Amino acid sequence: MDMKQSSGSYKWLTISMIVIYLSGVNGEQNVTGPAVFLLDHMQEVASRVMYFSGSGQDMYDEAGKSDQLLDELVSDYLTSSEKTALSFDYDDSLLFWSDPGHHSIVKYDLMSGNQTTIFVGTSTLVVGIAVDWVANNVYWTDAAYNWIKIANYDGSFVRTLATTGLDTPGGITCDPKNGYLYWTDWGEYNKIERANLDGTNRIVLTNQSDIGSPAGVTLDHAQNILYWTDGEKNRIFSLDLNDEASVPQILAEVEEPLLELFSLDLDPDFGFIVSDLVGHHVLLVPFEGDSIFLQHLFEPNGIAFYNASRQPDQINTCANVECDHNCVSHPSGGKCVCNYGHTLRDDGKTCQPDNSIIHEHELVFSAKGNHLCKMPANIGHQDLPEVFNVSCFTQITVNAIDFDIYANFIYAHANAYQVNSILRVRLEDQQTWENIVDSTDARGIAVDWIASNLYWTDQRDRSIMISNLDGSESARLVYRELGDIYGIVVHPLKRLLFWSDTDSRNPRIERSSLNGRQRRVIVSANLMKPSNLAIDFNTDRLFWTDDYAHTIESVNFDGGERDQFMHFEPNAQFTGITVFQDFMFVGERTNRQIYIVNIPQKRRVRAITLAQEPTAVKFFHQSLQPINGEPNPCDFFNGGCDQICINTDHGAECLCERPSYSICTVVYRCPMTIPNGRMVDTCENTNGNRCRYTCDPGYVATRTTDVLCTDAGDWDVRGGEELCKEIYTCPMTIPNGRMVDTCENTNGNRCRYTCDPGYVATRTTDVLCTDAGDWDVRDGEELCKEIYTCPMTIPNGRMVDTCENTNGNRCRYTCDPGYVATRTTDVLCTDAGYWDVHDGEELCKERDSIIDTTEDPMWKQTTKPHYPPSPDKRKGEGESSGNTTVVILAVCLALLVFFGVVVALGFFLLRRRKRNGQQQDTEQIVRNMAIPEQTPGGDMVGIPNPMYANVTGGEHTNNAFAPPQYSAVDPNVNSAAGGEGAMALPQKVALPPDTVELQLGNNAAHYLSTPPSSPFEDHTYDSLTVAQNTQAGLPNDGAAVNDTMKNEADA
């Protein structure tokens, strides 16, 4: 089948397999084209460069004839070498490959057999390499550091071209003619990108979800068509670069599950040569005919078709450009680029040292002894001597660091000038530190690079503080329920703030919005002392160190998917943690080390021992402060704020310094979204305003009024209240019936219903649709009950003609002549279809056995049957009735006379008792009131009556009914001696100790003027004690006094 079309597009090809087994032999070193080169690797066993002399078609033709198809060009056995990516320069007879085992980029001369390392410092994930054979530059991708680098052929020039917006960069190829670089990225969002050869003007060519997982990539320079492999579904894609509207096309698909297509190259006269990582094959995919799988390889990786047709002659635009450092191809002429740490001058040719203190991507750390230093990002993979020097740029020791990458500032907390302060300095040569926040015991600081705010944990005040970046205004953001707060990090894109609390009673990690609200604990279990925090912006995970557990762990931003990342030595004490791409840098105090850890592999790459213990670590790179291009409300007139502007999900909030020495208004914003709904677009969601809201589909509003935004920045919603309730639909049909057509059968509504023929409704009211989506029917209840018919005739009678003789109804009946009804009530028709008649009961009895005094027993009250008297007794019935009446009248008269006598006697006795009571003396009344017995001293104790004061002694032993004396006697005087006019406090009231001077006023006296039901009731004295203590200015605690009073009362 011919795959080529005149338009340059291709038909879809399904590949069938023909398997050829092959083995390698030693070949000559001097290989000329055409040839096929491939890299084959088995970890710690062999790493070799294999080749076949000939074209793709030659290789295809020979595959079925010999099992020794490939020769070895270079082989390394029992070493750490791992050869992965491969490219070449045909005119100069050079091969280039990456060796992740040695963390290097290697140049190999096919003519001499010499190998030259041009760069050391790659990770183990360099899977793409490309050569600009015109300007003599080599490019490679590094999927662990997520960057693309360039170097010249001798390695004297090295520069990072791309460091942001990369996830897992893979294959790479270059187009010197048009000055473009192409690469694949198979990260979370798969894409194909293009940039100029100097890294500028990056664009995404395609990021469609159906392009699979792009891996290897190559370019047909003659046709200007880009090809790549899809390692996920084993497909080959093409994209016509001549047409900007072109979309990816599936060129071929391998129907074999145990494959993973990886690297590929093109023989324009044959087809494709592709490596397979899983099945360990090499695929020959011709434009015509079946494909062939070559086996007996270890792990084939990079592939290159070495031929002049793959690198056509181009005009070298760099030939006449005199660049200080290096030149890259460009259609408009060669373009100069400068080495690391230098910038290009305005003349476009010469380079000058960059005055920035920190360049591109570096690790910054502080060590005791006034050192703030830096190291390159890939120091974990560099070839280092046993002892080496690092670059230190200022003499200061700090315990917390962060950066504002875009303003080029470093922020640090240090004990400078004998005062704990937060300092900052612009990262340029000869700049001076400035003190922006005084007297703060910060343990962690974090920069919000979007809203331009600084956060820090103040351990002394146990609060989280916020200020603008110059420190001119600051305020307390979070201060309630905080313990020993330590680390803090911020994620401005998600508008989240995280902090650790090392409180020994409740160690935890918390999260809030940037305004300090919506707080929640995301980790609290199995924590000992969580200290330093770091965010991995590539995976959206939060890492922390635990100084007592000696571990590093991580969770997602909701606290889920917890992972015990790594355990350290039992004496490890952490001073900082920071993440860059796939690597973590950990400062450890005890061993004075900085550990470099590969995050996906959970493996330590290197430990660097310092002369002094590290005190803080932080990585400097733009990828650690990502921006998404969305407008920031705080950028425009500071969000309308007088002082501090906070970027929230729902607009700018304003915070004021406390105390504020200028006019400042605090503005809180309530969220525009609510559970299962949102506020209307016209909502002014600031505190004090009211807004309407709408609910998501499937939900209904529970309020008909607007909702208030409170001063706390929350909507005025009661606990447990739902503004939007889920809509549940109750069925329109019910057993043996259905709802009426106008029924709104959603939760909260009531509906009428009808029953099927042969059934009757058991309710007369509507039925409620509940929040569970069911009709409000009790267990066992039937809304529609089957209709049963009771007979219209009964033994010796029948129901009246108007009878509804169905179950549940009651009917009257009549009896046949000669029979009389035994009931005066209606008879019920039961659900069984029978009349409700007891066993043996007769509704109609013969008249011969019953004399009924009523003509119609259904309408008379007298229902008891009368047995007829005998004929000889009927004569005396009238006489007996008259005698009975006379007897009753006589009895009534006798009773009337008796009651009259009783009333008269009672009136007489009442008048006599009244006269005797007026002559009775006071002592007799006291006796009637049960005067207490005499005390041992012989005096009579007065009756304790809180209404009046008792006078003890004298001739009036008890003056309980004497007039009140409060108006004439000082209530503070306690006269124990007695006498005329003297007062005594009511007995059994326990006073406070004598040393306490009580000032009882009118309130206490007024309280005593209310008599209790019993003179010793506890509450009376307890209340008195409280009143006395209050009057005396003492604590309102009457418990002890009250106990004393109870004991005395009991005695």
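In which sense do E39 and strand E40 (residues 453-458) pair, and over how many bridges? The legends below answer this and then turn to other close-up views.

The structure is a predicted model, in which local features need pLDDT of at least 70 and side-chain atom pairs count only at pLDDT 80 or more, while totals for chains, interfaces and linings use all residues. Residues are numbered from 1 along each chain as its sequence is written, and side-chain values use heavy atoms, with hydrogens and water left out.

**View 1. The hairpin of E39 and E40.** E39 and strand E40 (residues 453-458) pair in the antiparallel sense over 6 bridges. Strands are DSSP runs (E, at least two residues), numbered from the N terminus, and two strands pair if DSSP finds at least two bridges between them. Valine 447 has leucine 454 in E40 as its bridge partner. The hairpin has 4 residues between the strands, and serine 452 takes a positive phi near 60°. Of the 7 residues of strand E39 (residues 442-448), 6 are buried, so this strand is largely enclosed by the rest of the structure. Here buried means under 20% relative accessible area, with exposed over 50% and partly exposed in between (1.4 Å probe, protein chains only).

**View 2. An open sheet of 4 strands.** The strands follow the order E15-E16-E17-E18, with antiparallel pairing. Strand E15 (169-175) and strand E18 (203-206) stand at the edges with a single partner strand each, so one side of each is left without a neighbour in the sheet. From one strand to the next, the twist averages 25°; axes are lines fitted to C-alpha atoms, and angles run from 0 to 180 degrees between N-to-C directions. Strand E17 (residues 191-196) is joined to E18 by 3 bridges, and these strands run antiparallel. Isoleucine 192 has threonine 206 in E18 as its bridge partner. In a regular strand, side chains alternate between the two faces of the sheet.

**View 3. The largest cavity.** A cavity is a set of points, on a 1 Å grid over the protein atoms alone, where a 1.4 Å probe fits but cannot get out; a pocket is an open set with protein on both sides within 12 Å along at least five of seven lines; lining residues have an atom within 4 Å of a point. Grid points are joined across faces, edges and corners, and a volume is the space filled by probe spheres set on the points. By this rule there are 6 cavities of 30 Å³ or more. The largest cavity holds about 400 Å³ of space. Its lining consists of 31 residues, of which Leu86, Ser87, Ile129, Ile172 and Val217 lie nearest the centre. Strands that each supply at least two residues of this lining include strand E7 (86-89), strand E11 (128-132) and strand E19 (214-220). E15 gives the largest share of the lining, 5 residues. By class, the lining has 17 nonpolar, 12 polar and 2 charged residues. Ala, Val, Leu, Ile, Met, Phe, Trp, Tyr, Cys and Pro count as nonpolar, Asp, Glu, Lys and Arg as charged, and the others, Gly among them, as polar.

**View 4. The largest pocket.** About 790 Å³ of space lies in the largest pocket. Among its 22 lining residues, Gly165, Leu166, Phe537, Asn538 and Pro626 lie nearest the centre. The lining of the largest pocket has 7 nonpolar, 9 polar and 6 charged residues.

**View 5. The disulfide of cysteine 323 and cysteine 336.** A search of the whole structure finds 16 disulfides, a disulfide being a pair of cysteine sulfur atoms within 2.5 Å. Cysteine 323 is joined to cysteine 336 with an S to S distance of 1.8 Å. The torsion about this S-S bond is about -80°, so the disulfide is left-handed. Cysteine 323 lies in the loop between E27 and strand E28 (326-328), and cysteine 336 in strand E29 (residues 335-337), 13 residues apart. Cysteine 336 counts as buried, at 6% relative accessibility.

**View 6. The disulfide of cysteine 670 and cysteine 709.** The sulfur atoms of cysteine 670 and cysteine 709 are 2.1 Å apart. The torsion about their S-S bond is about 95°, so the disulfide is right-handed. Cysteine 670 lies in the loop between strand E57 (651-655) and strand E58 (673-674), and cysteine 709 in the loop between strand E63 (707-708) and strand E64 (724-726), so the pair ties together parts that are 39 residues apart in sequence. Both cysteine 670 and cysteine 709 are buried.
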